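Dear colleague,

Please find below the structure that I am handing over to you. My notes on what was found in it follow directly after.

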Amino acid sequence: MQISPYNNNPAFKGYDARRLRALAMTSNRGNIAKELKEIGDRKGFKVWLARHDDLVEDGFENVLDRYPYTTCWAQDIAGVTPDGKVYYPWRADGLGWLLSNFKKFQGILAQNHVSGGNYFIVKNGAKNDLIAGKNAELLLGVDKLKSRFCAENVCIIPQMDYHIDLGIRPLTNKNVLVCDDDLTVAELEKGIKRTEDFRIVNENLRVILARFKEAVSKNFHEKPSKTAKVLSDHGYNPISVPARIYDVKFKPSTKSTGLVYNLNYVNAVALENNKNEIIYITNKSLLDRQCGITPDTERRTGFSFEKMFKDSLKPYVDENNIYFVSGENYEIADYLTNFDGGIHCLCAEIPQL
């Protein structure tokens, strides 16, 4: 079932798309932080990379990667709130400590820490609301979520995966991208028809489609249509996007069965520049390359995985403001497929206070 938005006009831790002071990272593995900084230099935002004694804005190649931090997932270990606090957990406190000591945030060690991938702080006029996963509600409860994140209202959505930033991505004005697996199937079917004269590409797309249909049938997480309905009931505008392709298999990293992503475009950093344009930064997938889809193939067939997604964003984001971050040797694809996280997970969003 395709999720239909309320209208076709752009209306509307993590944050929704807003102006940010910076993106804070704890790893430059594969030069991903450097790649993000190059985008920031063009689009008007800073990247802070954690060093053992500071947060630096340049010279990333001189930073000893991840020392002394226990994780690269900056989004999950440092939650900056609209009132200038930074919450961080007891066992992974390096980034939170740096933000409180060098950027003058009020650091708070939180035993019941809510991972930043499981909530979004969104604008509601001059106030803030919160979209949070069911797991966050179970951890803190609605009243404490409101208090901690300075939220007027809280919308608790079903878990489409262990973190909600793998299934949705708020933009502005209450527009929220929602992964729609049925739409992805339909777009792949269109791609198969368009590539009939490109045998290898066509055969590869057929294999991907068959595997994805099987994975969708095995997916035990909540359905996108249910998430979209909850968002609609709370006054949000869910926008259907073909934005994820996954397998369902046993994952050694978690010793459990779950979704293993070959593509995820909603796990993204989204922010506004000084022209009120949305800058959208997401994960580059290997699927175009693996299928044999080149820029020339895309031009001649009208299909690629990246084009499929960019076309779905046309009413909301200018194509020139969409970036697919890869890192050296497609490091981001390795993060996504083998470590259950992408570019949004790697960045803690630092709002302008």
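A residue is called buried here when its relative accessible area is under 20%, exposed when it is over 50%, and partly exposed in between. Please bear in mind that this is a predicted model.

Salt bridges

I begin with the charged pairs, of which the structure holds 26 that qualify as salt bridges. One of them joins lysine 249 to aspartate 247, with 3.9 Å between the closest N and O atoms. The two partners fall into separate classes of accessibility: aspartate 247 has a relative accessibility of 9% and is therefore buried, whereas lysine 249, with a relative accessible area of 37%, is partly exposed. Elsewhere, salt bridges with shared partners link Arg29, Glu331 and Asp334 into one network.

Another pair is formed by arginine 51 and aspartate 53, whose side chains meet with an N to O distance of 2.7 Å. Arginine 51 is partly exposed at a relative accessible area of 30%, and aspartate 53 is partly exposed as well, at 33%.

A further salt bridge lies within a helix. Lysine 134 and glutamate 137 both belong to α4 (residues 134–140), where they are 3 residues apart, or about one turn of the helix. An α-helix has 3.6 residues a turn, so residues three or four places apart point the same way. The closest N and O atoms of lysine 134 and glutamate 137 are 2.8 Å apart. Lysine 134 is partly exposed, with 39% relative accessibility, and glutamate 137 is also partly exposed, with 23%.

The next region is an open sheet of 3 strands in the order β10-β11-β12, with mixed pairing. The edges are taken by β10 (168–170) and β12 (237–241); each has a single partner strand, so one side of each lacks a neighbour in the sheet. On average, neighbouring strands are turned by 25° against each other, direction ignored. Between β11 (residues 175–179) and β12 the pairing is parallel and runs over 5 bridges. Within this pair, valine 176 stands opposite proline 238 of β12.

Helix α8 packs on this sheet and touches β10, β11 and β12, its direction making about 165° with that of β11. The buried residues of α8 (residues 224–233) are Pro224, Thr227, Ala228, Val230 and Leu231. These residues lie on the same side of α8, because they cover an arc of only 160° around the axis. Lys229 and Asp233, on the other side of α8, are exposed. Just after the helix, glycine 235 adopts a positive phi of about 90°.

Cysteines

How many disulfides does a search of the whole structure find? The search finds 0. Cysteine 72 is in no disulfide, and the nearest cysteine sulfur, belonging to cysteine 345, is 8.7 Å away. Cysteine 347 is likewise in no disulfide; its nearest cysteine sulfur is also that of cysteine 345, at 9.2 Å. Cysteine 72 is buried, with a relative accessible area of 5%, and cysteine 347 is buried at 0% relative accessibility.

With kind regards

Key. Residues are numbered from 1 along each chain as its sequence is written. This is a predicted model: local features need pLDDT of at least 70, side-chain atom pairs count only at pLDDT 80 or more; totals for chains, interfaces and linings use all residues. Side-chain values use heavy atoms; hydrogens and water are left out. A disulfide is a pair of cysteine sulfur atoms within 2.5 Å. Buried means under 20% relative accessible area, exposed over 50%, partly exposed in between (1.4 Å probe, protein chains only). Helices (H or I, at least four residues) and strands (E, at least two) are DSSP runs, numbered from the N terminus. The arc is that of the directions from the helix axis to the C-beta atoms. Two strands pair if DSSP finds at least two bridges between them. Axes are lines fitted to C-alpha atoms, for helices over the stretch in contact, and angles run from 0 to 180 degrees between N-to-C directions. Contact means heavy atoms within 4.5 Å. A salt bridge is a side-chain nitrogen of Lys or Arg within 4 Å of a carboxyl oxygen of Asp or Glu.
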